[in-house]
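Here is a short report on the charged pairs of one protein.

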Amino acid sequence: MEKKEQIRLVIALVLSFIVLFGWQYLTGPSAEEKAEMARKAAEAEQKTAALTEQSQAAKAAAETAPVPEFVPTDGVSVTVDTPLYTAVFTSQGGVLEKFILKNYRETIEADSPNVDLVGTNAFAKGPLGLILTLNDKEYHTWKRGNWAFTGSDLAIAEGEGPKTLTFTGQVDGYRVERVLTFHADTYLIDESATITNLNAIGAEGALSFTAAAKSMSEEDNRYNPTKVAYLTSDTRKEVTDRDDLREEGLSAPGGLKWGAIESNYFLFAVMPKTEDASMSAGLQDNVFRMAVTDKATFLPNVAKTLKTSYFVGPTDRKMLAQMPNDLSDAVNFGWFDFLAKPLLVGLNFFYGFVGNYGVAIIILTIIIKLIFWPLSQKSYGSMEQMKKLQPMVAKLREKYGDDKQRLNQETMALYKTYKVNPMGGCLPMVVQIPVFFGLYKALLGAVELRHAPFIAHVPFTDLPWLADLSAKDPYYVTPIIMGASMFLQQKMTPSAGDPTQQKIMLFMPLVFTFMFLQFPSGLVIYWLFNNLLSIGQQLMIARKSKAKAAKSND
């Protein structure tokens, strides 16, 4: 009996081994998977060895050259003065208190203060501050750290080379050194931030470069909204709705080229130097905030340097074209961008000769009209032919008014008999629409027109009139004249539609006049003179048509 038990035990053990190793064979990793696992294990071992070696080297260097003792100083204001702006920083974290543009004022009044792109409320949100993230814990360095500054105010004259400010701080066992570089001929600010981990333990984290600004335009200004935008290697996106920014915010997960707070005329942008930077932004207490983040590993006694650039200034397209990271795309006119920018080049070309942007707009309108003159000529010629057929069309409408299908058939037969294309008057105009909208977008977003005068005062008075082409006409003179010119143009244009459609078309000038009451005066001037030129062209064609008809009767 004992022998049988032993035999059973042996059989049970054998079966157990078969099941155990058979299961591992069936469910275990394949040879390729084993090779991949071995490769990853080797990479991890190499990375660990490299980090250990780097940490040991840093430790040895620290023993031979210890970090200088940090001595905090009282917070003071530090001023940077260039030909373009005056920037005021606080030494407590290097946060920006003011950024005053010397060439731009808040209003057209002579004693108006210069534009400050930061504002009192935004200062509390830490513009140009650093946020240090250590193991998922955030440190707003300008609030949590102790800082020291041993330099002085900077003054950079025209033609001088770059100059720097250095702010040094200590935050929870980490040394922070900020070196900011300023230039005389641009609004670009370069930063090199060095973080040194003084602790014995490393940390996974990140460094965020921040921006904060007041609203750069009135909250209800739908033609010039303050917005947040960004550009990545894949897409460009912007959000103008303040409720969306306040409740949901805006974020770019990675591959960021730049993030910006901007209006039509001003820009506060951050341009990271790494390829995997991300961005988060939103609206808080009516202050636009943004943080551009670079991930980093902070090893014990190892200095980690991260760099970025800022642009704080006007949306000067020529200057933006010289900036890194495709910042020129911060000025974008949407679908008509490819037309708007060349038109602005032409506008500035004419301004160089006449010295008045209002006159330059009129010249540019005339040039565009001349370019499209043959198409317009064909369009208005077709309209004149349609006008001659209107009495016949009216009779057909009386005869077949109750039979729409028959009316359309007889009307088209009439057009065919007299070789008139009912679409001939529309198609040439359709071709011109993209150019008109391109110029519309260009004039709406051109910083050149901000506070640029056309007719500064009502003639023979001191009353300001068209003193700012980016603002509406204060007396609504030009939009009313524009509406009248549009009404006259409608009366001169025959319509093939029924009487109800004609009445609706005549109602359009009133709608446009109401819309244009709030438009920037530069846009109204463009539309007004385009209408006047169109009326003149229609009168010329009508006169030639009458002369031709009179000659044929003779």
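## Salt bridges

The structure, a predicted model, holds 13 salt bridges. Side chains of opposite charge can pair when their charged atoms come close.

## Asp-81 and Lys-102

Asp-81 and Lys-102 meet through their side chains in a salt bridge, with an N to O distance of 3.0 Å. Asp-81 sits in strand E1, residues 77–81, and Lys-102 in strand E3, residues 95–105, so the bridge ties together parts that are 21 residues apart in sequence.

## Glu-160 and Lys-163

Glu-160 pairs with Lys-163 in a salt bridge. Their closest N and O atoms are 3.5 Å apart. Glu-160 has 37% relative accessibility and counts as partly exposed. Lys-163 is partly exposed too, at 27% relative accessible area.

Which residue does Arg-236 bridge to? The partner is Asp-329, and the closest N and O atoms are 3.6 Å apart. Arg-236 belongs to strand E14, residues 236–239, while Asp-329 lies in the loop between helix H6 (317–320) and helix H7 (337–354), so this bridge ties together parts that are 93 residues apart in sequence. Arg-236 is partly exposed, at 22% relative accessibility.

Arg-236 and Asp-329 also belong to a network of salt bridges.

## The protein as a whole

How many helices and strands does the protein have? There are 14 helices and 22 strands. The protein has 554 residues, and 44% of them are buried.

Contacts between residues at least 6 apart in sequence were also examined. Of these, 64% join residues at least 24 apart. The accessible surface of the protein comes to about 30,000 Å². Carbon and sulfur atoms account for 59% of that surface.

Technical notes
Residues are numbered from 1 along each chain as its sequence is written. This is a predicted model: local features need pLDDT of at least 70, side-chain atom pairs count only at pLDDT 80 or more; totals for chains, interfaces and linings use all residues. Side-chain values use heavy atoms; hydrogens and water are left out. Helices (H or I, at least four residues) and strands (E, at least two) are DSSP runs, numbered from the N terminus. Buried means under 20% relative accessible area, exposed over 50%, partly exposed in between (1.4 Å probe, protein chains only). Contact means heavy atoms within 4.5 Å. Accessible areas come from the Shrake-Rupley method with a 1.4 Å probe; for residues, only the protein chains shown count as cover. A salt bridge is a side-chain nitrogen of Lys or Arg within 4 Å of a carboxyl oxygen of Asp or Glu.
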